[in-house]
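Please open the model in your viewer, with the sequence panel beside it, and keep the selection tool at hand. The tour goes from one selection to the next and says at each stop what is there.

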Amino acid sequence: MRFLIIDDEPLVRRSLGRALSAKGHEVSEAVDGQEGLVRWREKRPDVVFLDVLMPGLTGPQVLTELEDDLKSRTTIILISAFSGEHNPETAQRLGADLFVPKPFEDIFALVKIAEDLRTNGSKDGGEKRNPN
Amino acid sequence: MNEPALKQARLILVDASLDPELEILREIRERASSSIRVLVQDVDSPGILRKAVNRGEVFSVIGWPLDYDLLKESLREAVTEAQLLDSRLRLLKESTRQNRELEKLTASLESLVEERTHHIQISKEFEEEKVSRIRGLIRFIQELSGSSSFEDLIDLLRRDLRSFHQVHDPVMIYEIDSRGPQIVFWRNSMMQTRPWRHAMAFVPHIHLQDPEMSRRLANYFARPFGKALVIPIDVSTQDAVPEPTFQLVLENSLPESDVSQVLDFCLERLQPLSTAIERLRMESELTHFSYRWEKTFDGLKDPIAIIDRSDRVLRSNKKFSEQLIKDSCFKSFAGKDERCEGCPVPKVLMTGQAGKGEIRRHGRVYEVHSYPISLVPGGKPTNVVNQYVDQSQAREIYMRLLQSEKMGALGLLAGNIAHELNNPLTGLRSLAQVLRMGLAAETQTAQDLGEIEKASERCQKIIRNLLDFVHHDEKNLQDVRLDDLVEKTLPFLKTAMRMHRLNKELTTAGLSVRAEPQLLQQVIFNLVHNACQAMEKQGTLTIETEDRGAFVRLWVRDTGPGIPEGIRTQIFEPFFTTKREGSGTGLGLSLSKEIVESFSGRIGVESVEGEGASFWFELPRLEEKA
């Protein structure tokens, strides 16, 4: 699967990237919201890990900017180190499939959840999995 | 015998031989006692002589035969005697007449004296009566001036009227105040006052006999009522409403001739009586007035006292001290032996300017507002009026606000720390998991990585605990009426608002919102407190509620300097403050925003620089329950 990690924290990108790569996935990274939008449109990933609080565009702002069809075709997992303002409901309203607070309990468990969400989730994962 | 001749005879010669018993002589003596009787006799008998003297009181006796010389002599003597006698008689007569006249004169003199004495007696009685009447009047006036009630006055009049037996106890009908006409009368020697239901037709003239009044009173008392002497009493008043009217009614059975006496008696007493009534009326007004002041004074929520230059309490209300102790203010109010620390009184007395200070009493803090007054016209302040405002309640809510501001600050800090720490912790923990994946669990490295993971997990827990501590989430949502909440909150802000005019326009009485009342109270407190602080000089504070359809909005407007446009968006941010250091944490508005938003509301401000600011918040209006 193709993953995109949008987070301004290098350690988060690195650890999540390592875990995903270890499971054989294709991983792209973006250091802020602005770059995240560019990569999203360019790579058309299956799953996106999106941080909430970032300099420039915040996670939710990225989702507002993003084209609807692209959004609907991607499995989006909102991640946040600050649980104050967002929760699973607000995430859903923004168009995300899952909200995960940082730090993650178990990074491999998270990868597994992401894979399952992509495969069995409501979004058109099958189509994306076999694009051609 | 010829009777008239006998009577006129002055000299009578009687021949004894004609009547030896001399009866004739006696007869003559009896009939003509003033005659001179001469007896002629021929026998010189002592018996005849004796008879002649005893029976006839003869003047002389001449013997028979007559000796003419002797006769002549005797007759001349007799005639002389007769003349003498005559003149005596005349004298006697004259003196008798004179005596009589004298007697008459004496009698008339006596009667004159008697008459005079009588007159003097009468006038003395009259004077005495007059004096006693005046004495009675003076006593009446003296007693009037000493009497302290209207009833006493009438009772005095009644007592004085007792001297007239045909006059009954007086009846007084009067109207002096808003109670309407009253009637005062005596029943079984007890004075009774009752409302007089008949319209009071006040007659300005005296009625010697008023049959209409008799009829009315007979109806009223349900008994026959005698003649009614009606006397109006004029009580001079300037301002009484309605015009007081008095009527004295005297039931009597006096004959017409005596009525004027009673009338005079009463008229003499009317002037002093009306003066006394007027005095009583003014006294009662004064008492009433002072009673009203006292009640007002006592009704005030704050303790208030008037204090003199040597700290003595002259007057105080009940809140100040239950009993009026003529003691020092610090003793009676705070139970202290010396002047309270922070007392503004000495400075106020010195400068003559109002001042305030904070004192402590039984563990509570009072703000003392002290105003100088002068009880001597035109002089320096002789006293102060102190108002003691209990600060503890306001202080409590302020401390709570400060506390939540502190907690808010801590929460914000904790949030930031959590964010900053959680990111590196994510990397730390996740990377440790990634690194451990390729290693056999029993290797040293795998175990070390496990330790790193555990340590980062502990850090994570610490952060979560910190967040839990500052965001205690238990909510106590209730249906709240904003109008009520404003009314409940304003008392706590009395001190902050005291300089300013308050304009309250609460128009959403029936509307409710869903919120935590204590928290919302903090928001109102905060907005009003800020508004008051923004107005350095005296200003107007307006608190309004507005029905905006789906929302209920509260406005807090001030007439302070306003908020520059550049910072209007910043003021709701944490730690933003325009107050001087130490006055606030700069969290009040951000906290208010957080609270309002936690109840799905909004907060904002409108302002024209130089004219003031209007802060508002609104909350979703609840559906009215049926």
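**Before you select anything**

This is a predicted model, in which local features need pLDDT of at least 70 and side-chain atom pairs count only at pLDDT 80 or more, while totals for chains, interfaces and linings use all residues. Residues are numbered from 1 along each chain as its sequence is written, and chains are lettered from A and ligands numbered from 1 in the order in which they are written.

For the complex, the predictor gives an ipTM of 0.81 and a pTM of 0.38. If you colour by pLDDT, you are looking at the predictor's confidence in each residue, on a scale from 0 to 100. The mean for chain B is 83, with 92% of its residues at 70 or more. Where pLDDT is low, the predicted coordinates should not be read in detail.

**Select chain A**

Helices (DSSP runs of H or I, at least four residues) and strands (runs of E, at least two) are numbered from the N terminus. Chain A has seven helices and five strands, and along its sequence they follow the pattern β-α-β-α-β-α-α-β-α-β-α-α. A residue counts as buried if 20 or more other C-beta atoms, placed from the backbone, lie within 10 Å of its own, as exposed if there are 12 or fewer, and as partly exposed in between. By this rule, 44% of the 132 residues of chain A are buried.

**Select chain B**

Chain B holds 15 helices and 20 strands, and 27% of its 626 residues count as buried.

Begin with helix α4 (residues 68-146) and helix α7 (residues 256-299) of chain B. Two packed helices are described by the angle between their axes and the distance between the axes. The axes are lines fitted to C-alpha atoms, for helices over the stretch in contact, and angles run from 0 to 180 degrees between N-to-C directions. Here the angle is about 10° and the axes are 10 Å apart; α4(B) and α7(B) are therefore roughly parallel to each other, a term for angles under 35 degrees. Residues are in contact if their C-beta atoms, placed from the backbone, lie within 7 Å. Those that make this contact include B:Leu137 and B:Phe140 of α4(B), and B:Pro272 and B:Leu273 of α7(B).

Stay in helix α7 of chain B and pick B:Cys266. Is B:Cys266 buried or exposed? B:Cys266 is buried, because 22 other C-beta atoms lie within 10 Å. Not counting residues up to four places away in sequence, B:Cys266 touches B:Ile231 and B:Leu248.

**Move to the sheet**

Next, show the open sheet of five strands in chain B, whose order is β15-β17-β18-β20-β19, with mixed pairing; strands pair if DSSP finds at least two bridges between them. At the edges stand β15 (501-505) and β19 (602-608) of chain B, each with a single partner strand, so one side of each is left without a neighbour in the sheet. From one strand to the next, the twist averages 15°.

Within this sheet, β18(B) and strand β20 (residues 612-620) of chain B pair in the antiparallel sense over seven bridges, and B:Val556 stands opposite B:Phe615 in β20(B). Helix α15 (residues 588-598) of chain B packs on the sheet and touches β19 and β20 of chain B. Helix α12 (residues 482-489) of chain B lies across β17 (540-548) and β18 of chain B, at about 160° to β17(B).

**Finish where the chains meet**

Now display both chains: 17 residues of chain B are in contact with 19 residues of chain A. On the side of chain B that touches chain A, α10 (392-437) and α11 (444-470) of chain B are the elements that give two or more residues. α10(B) gives the most, with 15 residues.

B:Gly415 counts as partly exposed, because it has 19 C-beta neighbours inside 10 Å. From B:Gly415 to B:Ile463, C-alpha to C-alpha, is 9.0 Å in space, although they are 48 residues apart in sequence.

Key. Contact = placed C-beta atoms within 7 Å. Parallel < 35°, antiparallel > 145°, perpendicular 65-115°, else oblique.
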